[in-house]
Amino acid sequence: MTLQAGDPAPAVSAPNQDGEQTTLPLDGTTVLYFYPRDDTRGCTMEATQFDAALDEFREAGVEVYGVSVDSVDSHCAFAHEHELGLDLLADPDRELADAYDVPEGPAGTAGRTTFVISNGEIEAVYESVRPDGHAREVLSDLLEAGLADLDR
């Protein structure tokens, strides 16, 4: 079963699209979204929408990370092709997905699941996410819950 609101957030790290080891921050507020595959229609839509809102997330004090089972090289090509500024974490062995109990999708992918983490605790979980509009939904929910502040 996927981790739920109130559960402690696992401390994890993985390489980003540039091969840099990235440790998920447990202080502050973080959005960690899992998606099935690079460069597929839904995943591209979700990534580009999170990226389009990235400045707003950052202005509100929120970090955003995408995670899939794709390799660093795949993430690098995907980020370059779509000019993505957010970090995409490579999880080919499903270590992050397993740490967060993300359901397995087709061919060993990660099911589309998003976690909002605040100060080491899972604040919200979005399961079976519809990619279109999800980034805006998450940002709106963060602002409404007081976990982000665009007037910082």
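View 1. Phe115 is buried, because its relative accessible area is 0%; buried means under 20% relative accessible area, exposed over 50% and partly exposed in between, with a 1.4 Å probe and protein chains only. The model is predicted: local features need pLDDT of at least 70, side-chain atom pairs count only at pLDDT 80 or more, and totals for chains, interfaces and linings use all residues. Residues are numbered from 1 along each chain as its sequence is written, and side-chain values use heavy atoms, with hydrogens and water left out. Tyr100 counts as buried, at 0% relative accessibility. The ring centres of Tyr100 and Phe115 are 4.9 Å apart and the planes stand at 55 degrees, so this pair is tilted. Rings of Phe, Tyr and Trp (its six-membered ring) pair if their centres lie within 6.5 Å; planes under 30 degrees apart count as stacked, over 60 as edge-to-face and the rest as tilted. Tyr100 sits in the loop between α4 and β6, and Phe115 in strand β6, 15 residues apart. Helices (H or I, at least four residues) and strands (E, at least two) are DSSP runs, numbered from the N terminus.

**View 2. Other aromatic pairs.** The structure holds 7 aromatic pairs. The rings of Phe34 and Tyr100 form a tilted pair, because their centres are 6.1 Å apart and their planes at 50 degrees. Phe34 lies in strand β3, 66 residues from Tyr100. Ring pairs also join Tyr33, Tyr35, Phe50, Phe57 and Phe78 into a cluster.

**View 3. The open sheet.** 5 strands form an open sheet with mixed pairing, in the order β5-β4-β3-β6-β7. Two strands pair if DSSP finds at least two bridges between them. At the edges are β5 (87-90) and β7 (121-127), each pairing on one side only. β3 and β6 (residues 113-118) run antiparallel and are joined by 6 bridges. Thr29 stands opposite Ser118 in β6.

**View 4. The largest nonpolar core.** This core has 25 residues, and Val31, Tyr33, Phe50, Phe57, Leu88, Val138 and Leu142 touch the most other members. A nonpolar core is a set of buried Ala, Val, Leu, Ile, Met, Phe, Trp, Tyr and Cys residues joined through side-chain atoms within 4.5 Å. Among the elements that give two or more residues to this core are β3 (29-34), α1 (41-52) and α5 (134-145). α5 gives the most, with 4 residues.

**View 5. Surroundings of Leu88.** Leaving aside neighbours within four places in sequence, Leu88 is in contact with residues including Pro15, Tyr33, His75 and Phe78. Contact means heavy atoms within 4.5 Å.
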